[in-house]
Amino acid sequence: MIVNAPFAPRLIVRLAALALASTALAGCVVGPNYSRPAALPAAQAVPLAFKEAQGWTASQPMDHIDRGAWWSVFADPTLDALERRVAVTNQNVAAAEAAYRQARAIVAQNRATFFPTLGASGGVTYTRSSASGGTSVISGGTVITTGSTSTTTGTSTSSSSRGSTRYNVGLNASWEPDVWGRIRRTVEASTATAQASAADLQAATLSAQAELAIDYFELRVLDEQKRLLTATVTGYQRSQKLTQNQYNAGIVARADVISATSQVQTAQAQLIDLDNQRAAREHAIAALVGTAPADLTVVVAALSRSVPVAPAGLPSQLLERRPDIAAAERSVASANANVGVAISAYYPNLTLSGSGTSSSTAIDQLFNLSNFTWSIGPQLAYTILDFGARKARVQQSRAQYDQTVANYRQTVLTAFQAVEDQLAALRILEQEQALRLAAEQSARQSEQIALNQYLAGQTTFTTVVTAQVQSLSAQQAALNVLGARLTASVSLIQALGGGWTQGDLPKG
């Protein structure tokens with residue numbers, strides 16, 4: 001149906017005129033503009049280099065690291081397959097991703113307030129006068145009788161009644177121009193919050209990936225420990241049999257047989273305990289990849305002895321490479337914008353609104369000009385007295401800003417600490433492993449010498465047991481140091497932000 005009246009154009013023109021007038025006033029944005037705070041407290045500068053990186057060079061630098069799959073530097077297909085499942089099926093990552101989508105939706109909601117809202121309505125009313133003097137009104141199929149004692153639902157007929165039908169339609173529009181920048185500051189705050197949420201998503205992903213890698217290497221170290229203990233039990237059983245034969249020949253005392261048996265049983269108990277530890281690591285890996293432990297089996301495989309080390313770079317680069325630092329900084333930006341939102345409460349709110357209605361007893365005349373009524377105009381609202389409520393809200397928002405700045409700086413300090421810790425660990429563990437491997441060789445030689453002397457009758461079995469325990473302990477210590485180096489390598493990559501940079505943040 002064509003509207004043959006100038007109502008809608010007039011309403012639109014007048015609204016547009018008021019909008020242009022208010023837009024001329026909308027150049028002001030209250031509150032402080034954002035400037036990134038110093039990464040460290042006053043009088044402290046970001047160091048030029050990491051302290052623990054001085055004096056040594058990474059043995060296997062990872063300049064070729066895949067930004068999307070930092071774990072590929074370990075060249076382990078099983079680890080690679082597990083890691084690629086984290087971003088897809090890990091439930092903590094899924095929760096962080098959902099939180100990010102919520103934050104983006106809030107930004108969209110806030111941006112929508114830049115624009116007017118438009119509503120429409122329509123209805124039909126049937127009125128009937130009965131012979132008894134009562135009046136019934138039918139609206140949407142319900143008859144409500146006034147001047148009588150009855151209420152009827154549905155349709156009622158009477159030969160002595162008279163009725164009429166009235167149709168009506170309406171259109172309304174309202175808009176709150178952003179005169180003082182409150183909406184702009186709100187959008188600015190929610191956008192920064194969404195960016196912080198995106199960084200939180202990356203931090204959650206990196207944390208889950210690093211935790212999986214650490215659990216995986218601990219599992220592989222347990223596999224190596226089990227291989228070592230299996231071989232050790234076999235060796236101890238040979239010694240037990242040898243001692244039993246010598247006892248049967250009357251060469252040694254029964255105490256030697258008991259000692260040899262105890263040694264075998266102790267090693268077997270340690271071997272069983274490794275199964276428990278390995279099962280726990282495997283279950284942890286299953287949870288990280290988002291599957292039930294019953295559905296995941298990590299088969300036994302050899303552990304690579306190479307330990308890649310990521311280049312630390314400069315401390316200033318760390319500020320751009322860690323998602324948790326980016327999230328903390330974006331929280332500062334959001335808090336800064338919220339200060340402006342709080343300050344805007346000191347200024348009046350301007351709302352432009354317009355509405356038009358048309359009513360007729362004939363539906364074909366509903367849109368005639370004579371049936372239209374309309375209204376349009378601005379409305380100002382201002383709080384004259386609130387007994388300090390606005391001031392308190394501004395103070396609260398400024399305090400929240402100070403809190404986020406402190407949290408940001410603490411995050412930076414913690415990041416520096418994490419990198420320094422892992423650099424020191426890698427350097428010191430590398431030195432320790434060299435000594436552990438040398439001690440392992442010496443312990444093996446001592447074990448063999450003690451066994452030969454025992455067979456020649458030159459020493460007691462107690463000496464053999466002592467040498468064997470020392471040899472096993474030395475080999476286990478060497479494996480533990482290797483595992484610690486691999487863990488430190490993963491932790492260093494995590495401390496450096498993996499392959500992430502602040503440039504990966506969404507722009508808005």
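Begin by selecting helix α2 (residues 77-89) together with α4, whose crossing is right-handed, where the handedness follows the rule that a crossing is left-handed if the near helix is turned anticlockwise from the far one by less than a right angle, and right-handed if clockwise. The two helices, α2 and α4, pack at an angle of about 150 degrees with their axes 10 Å apart, the axes being lines fitted to C-alpha atoms, for helices over the stretch in contact, and the angles running from 0 to 180 degrees between N-to-C directions. That angle makes α2 roughly antiparallel to α4, since angles under 35 degrees count as roughly parallel, over 145 as roughly antiparallel, 65 to 115 as roughly perpendicular and the rest as oblique. Helices (H or I, at least four residues) and strands (E, at least two) are DSSP runs, numbered from the N terminus.

Keep in mind that this is a predicted model, in which local features need pLDDT of at least 70 and side-chain atom pairs count only at pLDDT 80 or more, while totals for chains, interfaces and linings use all residues. Residues are numbered from 1 along each chain as its sequence is written, and side-chain values use heavy atoms, with hydrogens and water left out.

Next, select residues 389-455, which form helix α8, and residues 461-495, which form helix α9; they pack at an angle of about 160 degrees, with their axes 7 Å apart. That makes α8 roughly antiparallel to α9, and their crossing is left-handed. The contact of α8 with α9 has 24 nonpolar, ten polar and seven charged residues, where Ala, Val, Leu, Ile, Met, Phe, Trp, Tyr, Cys and Pro count as nonpolar, Asp, Glu, Lys and Arg as charged, and the others, Gly among them, as polar.

Now follow each of these helices to its end. The 67 residues of α8 should span 99 Å at 1.5 Å a residue, and its end C-alpha atoms are 92 Å apart, which agrees; the expected span is 1.5 Å times one less than the number of residues. After α8 comes Gly457, whose phi is positive, near 75 degrees. For α9, 35 residues should span 51 Å, and the end C-alpha atoms are 50 Å apart, which agrees, while Gly497, with a positive phi near 95 degrees, follows α9.

Then select Ala231, Thr232, Glu447, Ser471 and Gln475, which are the closest to the centre of the largest pocket among the 22 residues that line it. This pocket has a volume of about 470 Å³. Helices α4 (182-248), α8 and α9 each supply at least two residues of its lining, and the largest share, nine residues, comes from α4. By class, the pocket lining has nine nonpolar, seven polar and six charged residues. A pocket here is, on a 1 Å grid over the protein atoms alone, an open set of points with protein on both sides within 12 Å along at least five of seven lines, and lining residues have an atom within 4 Å of a point; the volume is the space filled by probe spheres set on the points.

Methods:
On a 1 Å grid over the protein atoms alone, a cavity is a set of points where a 1.4 Å probe fits but cannot get out, and a pocket is an open set with protein on both sides within 12 Å along at least five of seven lines; lining residues have an atom within 4 Å of a point.
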